[in-house]
Amino acid sequence: MTSKQRGPLERDTCRDLVVPALRTAGWAAEAITPEYALAQTMRTGPDGTVQALPGRRVDYVLEIAPGQPVAVVEAKRAYRSARDGLQQALDYAKKLEVPLAIATNGSEIIVHDRSAGTERKVDGFPTPVEAWDSYRTFMKLEGPEADLLLEPLSRRKVSTDGTIHEPRYYQALAISAVLRAIARGDQRILLLMATGTGKTFTAMQIVAKILGYQEKVRPEENYRVLYLADRDVLLTQPMRNDFGPAFGNERLQRVRLGADQSGELYFASYQALHQGAAGEELLEQFPRDFFDLVIVDECHRGSATANSRWRGTLDHFASAIHLGLTATPRDDTVHSYEYFGNPVYRYSLRDGIEDGYLAPYRIRRVILDADAEGWTPDPGQRDLYGREIPAGVYTTRDYERALSLLPRTKAMAHHLSGLLRQNPEHKAIVFCVSTQHADDVRSALVVENPDLVRADPEWVVRIVGVEEEKARLLEAFCDTESASPVVATTSRLLSTGVDVPDLRYVVIFRPVGSSIEFKQIVGRGTRLFPEGGKSVFEVVDYVGASQHFSDPDFDGTPPDITIETTDGSGDVVESISEPGSDSTGTGAPAPAPADPTLNEPEPEFRTEDPDDVDNPGGTREPRTTYVVVDGVVTVTSEAAMVIDRSTGEPRMVEVRTVVEGTMSGYGDAASLGTLWADESTRHEILESLAGRGIDLDGLRALADESGSDLFDVLLSMAFQTPVRTRAERARRARESHAEEIRAQSEAGRAVLVGLLQRYEEFGIDDISMRTVRLRPISNAGSITEIASAMGGPDALREAVRQVPDWLYGA
């Protein structure tokens with residue numbers, strides 16, 4: 001979504017008429033928020049990094065308190081009717097959950113009051129008192145507790161550039177929804193926000209408002225808050241990143257060995273509270289009415305389940321308000337809904353992607369023959385330790401549990417290395433079956449990438465609970481300023497709660513039978529990191545776990561899915577499209593590969609911290625895992641799909657063998673640039689790809705998502721070359737031909753620089769004579785004036801012709 005453009009008359013109307021009229025109605029300057037962002041857009045800058053810009057915006061939002069909107073104003077140009085903006089104002093009012101939708105053209109004002117169901121033309125804007133009364137009626141807030149919403153936000157958390165970290169619109173709505181529930185007397189409250197949308201920041205602001213209110217109405221008593229989680233990392237990051245900056249570390253209490261009752265803000269794991277003999281647990285040292293608010297992070301993980309050990313924690317503090325935080329889909333969190341009730345606010349993965357606050361993702365489905373067909377030992381075959389391997393067909397569910405098939409790990413590592421080496425500094429998490437499997441994968445990646453490991457011994461590391469260096473490696477991996485480590489192999493430690501903003505690859509190499517866990521795993525990559533150039537990430541699936549995307553309740557449909565087939569060494573040898581995609585060139589759909597059947601249940605919730613052990617609880621008998629060293633495993637298919645936004649259905653955009661065969665038929669990666677620069681040859685290549693079933697529109701959309709050139713996307717598929725952005729190509733062209741640009745007349749420089757700017761924004765198809773008539777080049781004069789200043793039409797045509805040569809030769 002892009003922000004709308006206003007003409008000078010509309011800008012004057014907004015500035016000269018609307019704001020003064022609002023001030024006359026009693027609205028303070030700080031209560032009038034112009035250009036209130038409902039979304040953001042990502043743009044690749046001249047230096048190749050991604051920039052976040054305001055997207056869809058409301059002309060004015062009126063706030064009764066910071067972060068608490070009560071009305072929206074849509075301002076139209078003076079010559080238009082105010083009613084022209086009314087429907088737009090209503091749409092914004094629904095989005096922001098406010099009762100008053102106001103439309104104006106500077107002289108005429110129309111107010112639609114959703115709380116009263118009225119719509120009328122008025123002489124002036126509603127006053128703050130009138131707007132607040134309307135809001136309270138609309139939200140059914142009758143008591144004095146409604147003043148909770150009027151408390152100020154914490155403004156102590158700042159971004160890296162020193163700016164105050166303000167809540168986004170959906171975070172403000174979540175804060176308001178929770179506070180309204182508390183004001184109405186609700187004791188159990190559920191907040192559903194997708195991974196990466198700032199649940200802990202939102203929770204911190206909720207606490208800040210509550211504490212501010214309690215200091216006014218109950219100054220003689222401490223209001224105590226318990227932040228509860230089942231993993232250490234789910235406590236350390238909120239304390240360090242959100243609550244510490246807002247309240248000061250001295251106000252935070254970490255519950256470990258004793259029950260210090262002098263604090264206000266407590267952070268505890270279930271494991272810490274339940275340590276000790278039955279009846280003497282640390283939990284018992286806290287009075288039952290000690291806490292006023294208990295925040296349950298990742299509440300789907302067990303505490304809300306009636307027969308859970310951790311349910312006793314909530315039962316012990318039953319008098320407190322219980323606020324559950326989760327990001328999981330409803331059908332997998334039935335216990336959470338039964339305990340907390342329906343969410344007071346929802347912000348889904350799809351919402352975050354559509355609004356531009358979460359990174360969209362591509363799916364690359366890679367099928368190994370051992371997964372597609374199973375693996376059968378030869379009669380009497382023995383494993384690495386001389387044990388005879390039981391007969392039978394071993395499948396995905398068996399690998400790394402009953403049977404460790406090291407050739408499969410080697411093939412996967414070879415294939416994955418081909419992806420990672422395109423950008424060796426791009427971070428990746430590989431989810432494995434166990435700590436041993438994570439170590440095997442790490443070792444295989446070391447073997448495949450000796451040069452990278454020689455330059456950085458910690459380029460790839462294992463981060464699991466039993467790792468001695470776990471804390472140090474995890475902190476470095478999550479640090480966007482740290483260049484090492486780049487690749488982390490893990491089992492379950494990194495699947496929940498870990499914030500790695502610059503993560504580019506989420507690699508799944510273990511079955512994921514639970515939609516909850518799958519969504520959490522995918523969520524590791526959804527955080528945007530524009531300052532590092534990240535606007536999209538890729539899920540690489542080796543075990544068929546991406547079947548969860550077909551779940552109609554999954555709210556984040558991927559824009560891209562890939563299926564690849566490899567040979568015994570892990571090289572891609574075949575790509576097979578899915579039904580409905582003509583990748584054969586015959587008009588008939590190619591057969592779909594059979595994904596492995598996955599029925600693995602979600603791991604049982606145990607008393608130990610799952611960061612520390614692969615088999616929490618340790619109640620099952622240890623099983624024998626046979627280790628197979630010999631043999632060949634191949635990749636049988638690899639392909640990519642994008643989602644057709646008009647239908648919501650996936651369509652094939654990449655069949656790797658088709659792209660490779662077509663592109664290599666025209667030359668190697670080095671020589672293809674010259675052919676691509678020529679418009680006629682470029683069209684010939686594209687027509688050849690389209691004729692073989694490649695969806696060029698989907699590939700263009702794929703390139704546009706990351707600001708790349710379609711040519712670079714095709715080269716990457718065919719020759720595994722790094723994908724350059726258009727901004728990078730334009731920058732190299734400017735640097736390589738700086739002398740030629742300086743030698744031009746002023747008009748000539750305007751043409752060359754302007755064409756490179758147009759290429760950055762729109763691509764190679766925008767480099768033509770017709771573009772000379774458009775901005776920014778047209779600022780230098782008409783096409784006739786520019787041609788005259790350059791020495792004639794031929795000189796102008798030659799300047800336009802040489803830009804593609806610069807771009808693809810740079």
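View 1. Glu-298 sits in the loop between β13 (293-296) and α8 (311-316), where helices (H or I, at least four residues) and strands (E, at least two) are DSSP runs numbered from the N terminus. Its phi is positive, about 50°, although Glu-298 is not a glycine. Most residues other than glycine have a negative phi.

**View 2. Glu-97, a partly exposed residue with positive phi.** Glu-97 lies in the loop between α2 and β6, has a phi near 55°, and is partly exposed at a relative accessible area of 23%.

**View 3. The cis peptide bond between Ser-484 and Pro-485.** Omega of this bond is about 0°, and Pro-485 belongs to the loop between α15 (470-478) and β20 (487-490).

**View 4. The cis peptide bond from Arg-775 to Pro-776.** Here omega is near 5°, and Pro-776 is placed in the loop between α24 (746-762) and α25 (783-790).

**Notes on all views.** Residues are numbered from 1 along each chain as its sequence is written, and side-chain values use heavy atoms, with hydrogens and water left out. Because the model is predicted, local features need pLDDT of at least 70 and side-chain atom pairs count only at pLDDT 80 or more, while totals for chains, interfaces and linings use all residues.

Note on methods. Buried < 20%, exposed > 50% of the residue type's maximum accessible area, 1.4 Å probe, protein only.
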